[in-house]
Amino acid sequence: MTKARHEGVVARNRLPLPVPALALAMVAVAFFALPLAGLLWRAPWSKAWGYLTADDSLTALRLSLVCSLWATALSVVFGVPLAWLLARVEFRGRRVVRALCTLSMVLPPVVGGVALFFALGRRGIVGQYLYRWFDFTLPFTTTGVVIAQTFVAMPFLVITVEAAFRQVDTRVEDASRTLGASRWYTFRRVTLPTIRPALAAGAVLAWARALGEFGATITFAGNFPGTTQTLPLSVYLSLQSNPEAALVLALVLIAVSFIVLVGLRERWFARPGVQP
Amino acid sequence: MNSLGRRHLISLVVAGLALVACSSDDPPASDTSTRSAESALTVFAAASLTDAFTEIGNAFMAQYPDTTITFNFAASSELVTQINEGAPADVFASADLSNMSKLTDADNNGSEPVEFATNQGEIIVAPGNPLGIASVADLANDDLIVVVCAPEVPCGKYAAAIFENAGVTVTAKSLEENVKAVVAKVTLGEADAGIVYSTDVRAAADAATGVAIPADINVVAQYPIVVTKDAPNPKGAQAFIDFVTGPQGQQILASYGFTTP
């Protein structure tokens with residue numbers, strides 16, 4: 001990744017982008033910048049602080065951050081082994097498993113939410129036993145929010161990390177093993193540093209997807225302030241009664257995401273020396 | 001080569017401007033450009049009208065074969081926001097008066113709102129009412145999973161009013177974005193009870209059972225309908241409203257459990 005970036009810089013300096021490509025790129029930039037400019041333009045700046053510090057907003061923001069970080073953590077814990085399985089282990093039906101595990105990326109989130117009901121709801125395949133034996137239900141709980149977010153976010157980490165696992169030069173790992181390192185040591189000191197940029201990228205993608213998650217959350221976990229009402233749900237509902245407050249909340253969501261995307265890219269993705 | 005590049009650039013800029021111009025006017029969901037303006041009619045209607053208006057739409061199109069109706073069913077509050085932001089609706093049918101006021105206050109109506117139906121609140125429970133829920137007061141039981149609409153949407157306001165009239169405090173597990181979401185949570189078995197419209201209980205058929213709410217604590221939802229100010233097809237819009245308020249429309253509404261104002 002680092003190498004490619006440097007090549008890109010060199011190429012850019014020598015050969016200016018052809019005019020048609022530049023024009024297309026500018027249209028693309030405008031396409032992303034204009035809606036944001038629209039939000040900034042319509043935002044009620046004089047009242048922004050009041051809306052921001054309203055109890056409901058802070059509660060929703062806190063819940064969004066907590067849930068999306070949990071979803072990211074779960075995505076890493078389960079997603080990295082899954083990516084490793086998909087990248088390194090030859091088995092029949094691997095393509096089917098991969099498709100299955102990334103399906104929720106393309107599934108409409110509301111469908112995902114309903115599917116989660118059928119799996120983990122009070123009458124779901126697994127959920128009915130949780131309810132019968134432990135009197136435990138996932139819908140309408142904060143845990144339900146984390147589950148819904150993890151369901152839609154984890155594939156983003158899995159496909160990113162799987163690609164990285166495939167690019168690791170296995171001879172370096174073999175060399176490490178031949179020199180007497182344990183599998184865990186080799187993974188920690190050889191494989192992990194190599195995939196770290198991809199892991200960071202995947203984790204950020206998954207986190208961003210979890211933070212913005214709406215459809216699966218409102219379907220599976222419902223909407224209740226303090227328990228399941230994350231910031232996107234709060235924005236959606238206040239858009240109907242108080243559009244000004246919705247705009248301010250939307251900008252908070254954008255600001256948080258923007259800071260993380262800008263900050264993390266420089267810090268993690270562009271670190272030199274991690275490539276073998 | 002250079003002139004070719006410039007020509008490309010010009011055509012691109014033109015295409016880009018056209019794109020920008022289109023995107024600012026048309027919401028992606030209701031692209032009317034493929035049909036002639038004469039025959040296309042876009043109706044924005046409250047989610048609780050979904051089934052009745054679908055049938056009314058079919059009856060209308062049978063009578064006016066040149067017209068194609070596109071419906072947008074959602075919470076009234078969401079629809080009025082969309083119209084006030086410039087969505088190309090011809091007709092707006094709201095599940096309450098306050099969302100209609102949001103439209104008329106913004107001067108986005110092209111006719112005076114007409115009340116065409118009324119509806120009542122009802123408790124929706126699992127088929128056969130296995131938990132034996134008999135009254136609004138029973139919903140105060142914290143062991144029950146009760147879901148209602150969010151206070152931002154009409155059915156949520158009605159639910160709050162019913163609880164207040166009954167003098168009970170009900171802690172809902174979820175405040176849903178529209179009435180059909182409440183129905184779904186109950187018919188999927190995830191919630192034990194919810195407050196919806198009588199028409200929704202009827203529409204759910206075998207999937208749910210209704211528990212009536214006495215008239216003295218119940219609310220009457222009034223449904224107004226209007227032509228929007230910027231209606232692309234104002235004539236068709238008025239014809240549709242006349243149809244809804246006419247005998248055939250009223251009969252269809254009654255068959256779905258709506259009452260006459």
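Trainee: What percentage of the 276 residues of chain A count as buried?

Mentor: Two remarks on conventions come before the value: residues are numbered from 1 along each chain as its sequence is written, and chains are lettered from A and ligands numbered from 1 in the order in which they are written. The model is predicted, so local features need pLDDT of at least 70, side-chain atom pairs count only at pLDDT 80 or more, and totals for chains, interfaces and linings use all residues, while side-chain values use heavy atoms, with hydrogens and water left out. Buried means under 20% relative accessible area, exposed over 50%, and partly exposed in between (1.4 Å probe, protein chains only). By that rule, the buried part of the 276 residues of chain A is 39%.

Trainee: How many helices and how many strands are there in chain A?

Mentor: Helices (H or I, at least four residues) and strands (E, at least two) are DSSP runs, numbered from the N terminus. Read from the N terminus on, the elements of chain A run α-α-α-α-α-α-α-α-α-α-α-α-α. The count for chain A is therefore 13 helices and zero strands.

Trainee: How many Å apart do the C-alpha centres of domain 1 and domain 2 of chain A lie?

Mentor: Domain bounds come from an automatic or database domain assignment. In chain A, that assignment gives domain 1 (1-42) and domain 2 (49-269). The C-alpha centres of these two domains of chain A are separated by 28 Å.

Trainee: Is Ser176(A) buried or exposed?

Mentor: Ser176(A) belongs to helix 9 (residues 170-178) of chain A. Leaving out residues up to four places away in sequence, Ser176(A) touches Ala181(A), Thr186(A) and Val190(A), contact meaning heavy atoms within 4.5 Å. Because its relative accessibility is 11%, Ser176(A) counts as buried.

Trainee: Which three residues supply 29% of the area that chain A buries against chain B?

Mentor: Buried area is the accessible area (1.4 Å probe) that two parts lose on being put together, summed over both. Chain A and chain B bury about 2,400 Å² between them, with 61% of it on carbon and sulfur atoms. More than any other three residues, the ones that supply this 29% of the area of chain A are Arg122(A), Phe140(A) and Gln240(A).

Trainee: Which residue of chain B forms a salt bridge with Arg122(A)?

Mentor: A salt bridge is a side-chain nitrogen of Lys or Arg within 4 Å of a carboxyl oxygen of Asp or Glu. Between chain A and chain B there are two salt bridges. In the one formed by Arg122(A), the closest N and O atoms are 2.8 Å apart, and the partner is Asp192(B).

Trainee: Which helix of chain A gives the most to the side of chain A that touches chain B?

Mentor: The contact takes 24 residues from chain A and 29 residues from chain B. Helix 2 (19-42), helix 6 (109-120), helix 11 (215-221) and helix 12 (231-241) of chain A each supply at least two residues of the side that touches chain B. With six residues, the element of chain A that gives the most to that side is helix 2.

Trainee: Near what value is phi of Phe140(A)?

Mentor: Phe140(A) sits in the loop between helix 7 (127-134) and helix 8 (142-167) of chain A, and Phe140(A) is buried, with a relative accessible area of 6%. Most residues other than glycine have a negative phi. Phe140(A) has a positive value in a residue other than glycine, near 65 degrees.

Trainee: Where in chain B is Ala205(B) found?

Mentor: Ala205(B) also has a positive phi in a residue other than glycine, near 50 degrees. At 47% relative accessibility, Ala205(B) counts as partly exposed. Its place in chain B is the loop between helix 7 (198-204) and strand 8 (209-212).

Trainee: Which residue forms a salt bridge with Asp96(B)?

Mentor: Chain B is divided into domain 1 (35-117 + 222-255) and domain 2 (120-220), and these domains of chain B bury about 920 Å² between them, 50% of it on carbon and sulfur atoms. Across their interface in chain B, the rule finds two salt bridges. For Asp96(B), the closest N and O atoms of the salt bridge are 4.0 Å apart, and the partner is Lys157(B).
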